[in-house]
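Me: I'd like to walk through this model with you. Here it is.

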Amino acid sequence: MLICRALFRNDKGHIYVVSDEKLEQIFEVFDKNEDGYIDRDEFHFCWNHWIKTIVRPISAFLVVDVQNDFISGSLSISNCSAQHNGNEIIEPINQLLDSIDFDMVFYSLDWHPSDHISFIDNIKTRPLHESSPLDAESAKVFDTVIFDGTPPIRQRLWPRHCVQDSWGAELHKDLKILDNSVKLYKGTNPEIDSYSLFHDNQNISETTLNAQLRAKGITDIFVCGLAYDICVGATVVDAISSGYRTILLDDCCRGVDLKDIESVKETVLSTNGVIINAKQVKAMVEGRDRRPELGYKLAMELKNVNSALYQRIKGRTTNL
Ligand code: VGL
Ligand code: ZN
């Protein structure tokens, strides 16, 4: 797999090191008949489903919950344990929106009805389950309780925030909103919270995000926003498990708790996601900085793709 030396390099000529073990695993994915060679049909598959994506990714930019309440309102992360300042991400995000030609841009909004289950002032409106570690009297903001239900629902309690149509739920006034971008509203069901942009916390209903990404053939997802360890974290985990090459923009996120932020980073790095800073985004979007983690992840996804796809391609080329 000498080709990996040509593929996995950055725009400054640096060649990324890939372990022999990973090279071997990648080779096995494309050597479908296991004869030790990548023959014509096998290369055809490799070219269309792997190399093309690596050199010309199709990218989506997800700007998560850059809303007033998380920056200076009722759930301002500056009052949380990490003491982050949400204002600091607006400029770098705007710069990316200005200078980089993403194939799709999404802005998500936490968008709760007034009777939402996550608001601590609503705690007495629903019965708690007997296994709840705290009762309605002793539970405080940021604690986790368990509400009754089938199944019982674990829920972290937050101050009332991002109530639909309120100032706190608006995107920050300085955030640049691109034409042809898409807004995603989540957390609208009063009974179920929703951190990930892909689906609610009970995994009962999906948002339209995945369908929209698939329709445009998106391969790479760049994620930034608030809060790092809550909605950004849940979204990157789902992006990776949904099969997307996933890039977390560390300096364009701010969060609630430093330990939880660390654990998000560890999860991303251990599942072949990539963590970068804003200045590295452009070269990646343009396919000039090609990370082996993402190529490896894609190859492992292809291993799982129904071999019918390969059979179809094979049929087509031998009929030529
Ligand atoms: C969020 C807490 C509660 C977030 C949403 O957007 O990260 N955090 N609801
Ligand atoms: Zn919320």
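**Loops, rings and strands**

Me: Where is Ala227 placed?

Reply: In the loop between strand E6 (220-226) and helix H7 (228-241). Helices (H or I, at least four residues) and strands (E, at least two) are DSSP runs, numbered from the N terminus.

Me: What is the peptide bond from Leu226 to Ala227, cis or trans?

Reply: Cis, with omega near -20 degrees. Most peptide bonds are trans.

Me: What should I know about the source?

Reply: The model is predicted, so local features need pLDDT of at least 70, side-chain atom pairs count only at pLDDT 80 or more, and totals for chains, interfaces and linings use all residues. Residues are numbered from 1 along each chain as its sequence is written, chains are lettered from A and ligands numbered from 1 in the order in which they are written, and side-chain values use heavy atoms, leaving out hydrogens and water.

Me: Back to peptide bonds. What joins Thr150 and Pro151?

Reply: A cis peptide bond, with omega about -5 degrees. Pro151 is in the loop between E3 and E4.

Me: How do E3 and E4 pair?

Reply: Antiparallel, over four bridges. Two strands pair if DSSP finds at least two bridges between them. Thr144 stands opposite Arg156 in E4. The hairpin of E3 and E4 has five residues between the strands, and Gly149 there takes a positive phi near 155 degrees.

Me: Which residues make up the two faces of E4?

Reply: Ile153 and Gln155 are on the covered face. Arg154 and Arg156 are on the uncovered one.

Me: Which residue has a positive phi of about 55 degrees although it is not a glycine?

Reply: Glu34. Most residues other than glycine have a negative phi. Glu34 sits in the loop between helix H2 (20-30) and H3.

Me: Is Glu34 buried or exposed?

Reply: Exposed, at 69% relative accessibility. The cut-offs: buried is under 20% relative accessible area, exposed is over 50%, partly exposed is in between (1.4 Å probe, protein chains only).

Me: And what about the phi of Asp165?

Reply: Positive, about 70 degrees, although Asp165 is not a glycine. Asp165 is in the loop between E4 and E5. Asp165 is exposed, with a relative accessible area of 69%.

Me: Switching topic. How many aromatic pairs are there?

Reply: Nine aromatic pairs. Rings of Phe, Tyr and Trp (its six-membered ring) pair if their centres lie within 6.5 Å; planes under 30 degrees apart are stacked, over 60 edge-to-face, the rest tilted. Take Trp111 and Tyr185: their ring centres are 5.0 Å apart and their planes are at 65 degrees, so this pair is edge-to-face.

Me: Where in the chain are Trp111 and Tyr185?

Reply: In distant parts, 74 residues apart. Trp111 is in the loop between strand E2 (104-110) and strand E3 (144-147), and Tyr185 is in strand E5 (residues 182-186). Trp111 is buried at 18% relative accessible area, while Tyr185 is partly exposed at 42%.

Me: What about the rings of Phe142 and Trp158?

Reply: Their centres are 5.7 Å apart and their planes at 75 degrees, so they are edge-to-face. This pair also links distant parts of the chain, with Phe142 in the loop between E2 and E3 and Trp158 in the loop between strand E4 (153-156) and E5, 16 residues apart. Phe142 is partly exposed at 31% relative accessibility. Trp158 is buried, at 3% relative accessible area.

Me: Which residues form one aromatic cluster?

Reply: Phe8, Phe30, Phe45 and Trp50. The charged end of Lys32 sits over the ring of Phe45, 3.8 Å from its centre. The test is NZ of Lys or CZ of Arg within 6 Å of the ring centre and within 35 degrees of the ring normal.

Me: And which ring does Lys22 sit over?

Reply: The ring of Tyr296, with the charged end of Lys22 4.8 Å from its centre.

Me: Last topic. Where is Ile247, and is it buried or exposed?

Reply: Ile247 is in strand E7 (residues 245-254). Ile247 is buried, with a relative accessible area of 0%. Ile247 and Leu269 are 22 residues apart in sequence and 10.0 Å apart in space, C-alpha to C-alpha.
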